[in-house]
Amino acid sequence: MKNRWRILENKIFVRWLTIVSLGTMVLLLLFFITLFVSSWPAIKANGLGFLWGKTWDPVNNHYGMYPFLVGTLITSFLSLIISAPFSIAAALFLGEYYPKGVIPGIFRNVIDLLAAIPSVVYGFWGLYTVAPIVSKIELAFHLPAPGVGIFTASLVLSIMLVPYSVSLIRQVISMTPVNLKEAAYALGSTRTEVITKVIIPSNISGISAGFLLSLGRALGETMAVTILIGNSPALPHNIFSPSYTMASVIANEFTEAVGEVYTSSLIEIGLLLFVVTTIINLIGRLIIKRAIA
Amino acid sequence: MTPFDIRGTKRRQIKDRIFSGFVWALTFSCLIVVFIILFYLFEKGIGSINWALFTKGPKPVGEFGGGIANAIVGSLIVVVVAAIIAIPLGISVGIYQADNRGKRIAERIAVAVDVLQGIPSIVIGIVIYVWIVKPFGGFSAISGSIALAIMMLPPVIKSTEETLLLIPHTLKEAALGLGASYYHTVRKILIPTGMGGILGGCIIGVARIAGEVAPLLFTAFGNPAMVFSIFKPVDTIPKVIFAYASSPYEDWQRIAWGGSLILVVFIIILNTIIKLFENKWKVQF
Amino acid sequence: MEGTILRTENLQISFGDNKVVKGINMEIAEKKVTAFMGPSGCGKTTILRAINRLHELTPEAKVEGKIFMHNEDVYEMEAMTLRRRVGMVFQRPNPFPTMSIAENVISGFILNGIKLKTQEKNEIIEDALKKVALWDEVKDYLKKKGTSLSGGQQQRLCLARAVAMKPEVILLDEPTSALDPLSTAKIEDLLYELKGNYTLVIVTHNMQQAARISDMTAFFYLGDLLEYDDTKKVFTNPKNEKTQNYITGRFG
């Protein structure tokens with residue numbers, strides 16, 4: 001009798017593990033279906049014009065997300081460009097110059113601290129420290145000087161990307177075969193030449209994947225950007241302009257949205273974010289897996 | 001006579017120095033930024049920390065001396081319930097993944113977990129809104145917990161899998177060889193042996209969700225009152241920071257700084273625990 | 001054969017397309033030590049792991065033919081029940097790292113959810129540890145972790161863990177290959193003493209070991225059973241040329 005229970009218990013356990021694990025895939029699928037179904041009213045009402053439409057005016061039922069698309073892309077790429085030199089340098093420092101030891105260990109933990117600070121705190125901090133500085137720059141250029149806008153959001157976002165990119169890139173470059181490096185040194189190369197001619201070229205795909213995944217991060221980053229971007233649905237004139245990103249427009253308007261099409265349009269933006277970040281992640285992981293294997 | 005390939009040496013060495021200098025300088029500026037942020041947070045936050053911050057709820061505009069007691073309680077409820085949901089599920093998937101390593105199905109699940117980790121948190125908020133908030137007619141702590149639980153899953157799954165893979169195969173065989181069921185082998189041998197790593201993953205998961213607001217905006221929402229129910233909307237510390245961050249009232253800003261400091265210190269403590277005990281928790285074979 | 005405990009019938013085992021055991025018919029005598037010998041890749045460990053069905057953990061492993069224990073088809077039995085009746089000791093000592101020495105001895109009971117009274121527990125622990133000649137060395141440290149012991153002690157602890165379950169058969173997969181000569185000698189002495197009460201099946205690379213402790217010796221080569229007889233006969237007067245070559249060290 002006892003034995004029969006043990007066998008049953010075991011069967012239930014194995015079944016449970018399988019179901020829960022397959023559940024992760026089902027969860028993703030359900031995410032997509034949910035977003036798609038909930039976006040359907042908007043897709044039907046707005047059509048493809050949703051992507052190119054330049055006016056976002058819920059009061060008059062105009063839903064064009066082009067300004068958010070532009071805002072998202074500029075903010076994300078700008079932050080990626082700003083953070084790239086820092087990320088590569090820190091990754092080289094920790095992965096190539098000083099891969100072991102106490103002090104580099106401390107450095108790595110300090111950089112990891114950047115990942116420990118919540119997004120909303122970054123936004124709050126940026127509002128009181130970065131925004132006033134940007135405001136002064138804007139004044140110097142004789143621009144309107146609210147301080148918040150694409151540039152401020154990108155600056156703070158770039159700080160947030162650093163720990164993420166560093167850990168990805170460090171992982172990739174530390175996989176460089178030692179004999180490859182030694183061969184280059186044995187030919188009389190300087191460390192700089194080994195880095196620029198051996199380490200970086202031989203890991204270029206892995207490093208690009210690292211930046212691609214960071215881009216995915218940046219696209220979906222919400223709170224800090226929402227606080228710092230200035231929340232304006234108009235098309236930006238320059239990199240100092242206030243703007244809106246896809247994520248921040250959802251964050252700001254979702255709970256206040258009235259009417260089916262309005263809510264549904266916001267969900268459609270979410271659907272696009274979901275699809276784009278999923279594709280980016282799939283490609284990024286694929287490249288990194290190949291690079292490391 | 002100088003051999004032809006030595007002539008450029010000096011120039012190359014200078015170039016090497018300059019490059020290394022850049023690497024050092026850029027790395028150091030990252031470190032400096034960390035200290036600037038933390039210093040600023042402490043400077044602004046320390047002054048706001050007082051007894052009322054922990055014991056009082058928010059005061060109406062114009063009155064001074066409110067606190068975030070309701071948000072602290074709310075954060076605890078939302079995060080603890082999320083952990084209760086995510087930990088057993090995450091460990092289960094991790095066990096399955098470690099056991100089926102190399103099989104096609106496990107690889108697909110691993111991809112799904114990676115994708116799950118990359119989904120913007122705000123999108124998770126939308127989905128949970130559609131699944132739970134709308135059908136059940138209102139914002140609630142539990143809907144927020146479910147959203148956060150989904151965010152917490154990937155780190156728990158991955159660290160469970162990685163930890164279990166480090167355990168020698170013969171340990172499992174020895175247990176099965178004694179007539180133990182697979183279930184008891186997992187429960188009494190594999191999980192206790194890998195406890196350190198699994199616990200570490202759970203802490204990483206909690207650290208990841210403790211500061212999140214985006215998935216809570218349309219789920220746990222917010223609530224100025226002190227609430228102990230998982231079926232009512234609740235305030236959370238990060239939500240209060242977001243709400244007060246751009247407010248014009250100095251007292252609210254003060255409270256937001258205090259909340260930021262509490263939150264960051266809490267997360268840093270969690271991270272430090274992991275770093276400190278990472279090695280101690282490792283079981284010797 | 002009189003007093004047969006295990007019998008195989010045209011036992012064939014393959015991993016994917018690779019057939020490692022090619023139709024073995026043999027009987028294993030009760031309360032004797034049977035040694036499985038042969039060069040690496042001959043299938044001896046595979047057969048051993050088929051007896052308590054541990055190869056089922058390898059998804060691509062496939063078993064054809066039959067194994068009987070006391071005329072009961074092993075593959076018709078519940079794997080857990082079978083494994084409780086068949087103990088196993090592995091190549092490398094593998095005490096459970098989270099358990100104390102005492103807990104390791106009764107780990108079979110713990111893992112099977114069998115509750116023991118304190119007195120019963122103490123008796124089983126003392127008895128098993130005495131059987132493996134570990135009691136005097138560890139009786140004051142029973143609460144220490146099993147992994148704190150030396151390699152040889154750990155392996156005796158693993159033997160105690162198997163013995164405590166009072167199995168009918170104990171399978172030993174090269175139990176001394178990871179140990180120093182002194183610990184090896186101790187384990188061999190133990191096995192010699194245990195054989196009156198248990199059926200032991202030992203896989204070994206070490207010919208002297210097989211000659212010293214076993215009653216019967218089976219010689220396998222590339223998945224076939226070439227020779228199976230009294231140990232003395234196999235070592236003094238092997239019938240098969242390959243066996244002769246192997247025991248005289250002419251191939252390895």
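In this predicted model, zero salt bridges are found by the rule across the interface of domain 1 of chain B and domain 2 of chain B. On the side of domain 1 of chain B that touches domain 2 of chain B, the residues are five nonpolar, one polar and one charged. The two domains of chain B bury about 580 Å² between them, and carbon and sulfur atoms give 90% of this area. Domain 1 of chain B covers residues 9–46, and domain 2 of chain B covers residues 53–277. Seven residues from domain 1 of chain B and seven residues from domain 2 of chain B take part in the contact. Taken over C-alpha atoms, the centres of domain 1 of chain B and domain 2 of chain B are 33 Å apart.

The interface of chain A and chain B was examined next. Here 78 residues from chain A and 78 residues from chain B are in contact. About 6900 Å² is buried between chain A and chain B, with 80% given by carbon and sulfur atoms. Phe31(A), Phe124(A) and Trp125(A) supply 10% of the area that chain A buries against chain B, which is more than any other three residues supply. The rule finds four salt bridges across the interface of chain A and chain B. In one salt bridge, the side chain of Lys289(A) meets that of Asp114(B), at 4.0 Å from N to O. The interface of chain A and chain B also holds 14 residue pairs in polar contact (both at pLDDT 80 or more). On the side of chain A that touches chain B, the most residues come from helix H1 (residues 2–46) of chain A, which gives 20 residues. By class, this side of chain A consists of 49 nonpolar, 22 polar and seven charged residues.

Chain C also touches chain A, through seven residues from chain C and five residues from chain A. The area buried between chain C and chain A is about 460 Å², of which 37% lies on carbon and sulfur atoms. Of the area that chain C buries against chain A, 66% is supplied by Glu78(C), Met80(C) and Asn112(C), more than by any other three residues. Across the interface of chain C and chain A, zero salt bridges are found by the rule, and one residue pair is in polar contact (both at pLDDT 80 or more). Helix H2 (residues 79–85) of chain C provides three residues, the largest share of the side of chain C that touches chain A. This side of chain C has two nonpolar, three polar and two charged residues.

Asn10(C) is not a glycine, yet its phi is positive, at about 45°. Asn10(C) lies in strand S1 (residues 4–15) of chain C. Because its relative accessibility is 39%, Asn10(C) counts as partly exposed. Ala133(C), which is not a glycine, has a positive phi of about 55°. Ala133(C) is placed in the loop between helix H5 (118–131) and helix H6 (135–138) of chain C. With a relative accessible area of 44%, Ala133(C) is partly exposed.

Methods:
Residues are numbered from 1 along each chain as its sequence is written. Chains are lettered from A and ligands numbered from 1 in the order in which they are written. This is a predicted model: local features need pLDDT of at least 70, side-chain atom pairs count only at pLDDT 80 or more; totals for chains, interfaces and linings use all residues. Side-chain values use heavy atoms; hydrogens and water are left out. Domain bounds come from an automatic or database domain assignment. Contact means heavy atoms within 4.5 Å. Buried area is the accessible area (1.4 Å probe) that two parts lose on being put together, summed over both. Ala, Val, Leu, Ile, Met, Phe, Trp, Tyr, Cys and Pro count as nonpolar, Asp, Glu, Lys and Arg as charged, and the others, Gly among them, as polar. Helices (H or I, at least four residues) and strands (E, at least two) are DSSP runs, numbered from the N terminus. Buried means under 20% relative accessible area, exposed over 50%, partly exposed in between (1.4 Å probe, protein chains only). A polar contact is a pair of N or O atoms within 3.5 Å; within protein, one must be able to donate a hydrogen and the other to accept it, and residues adjacent in sequence count only if both atoms are side-chain atoms.
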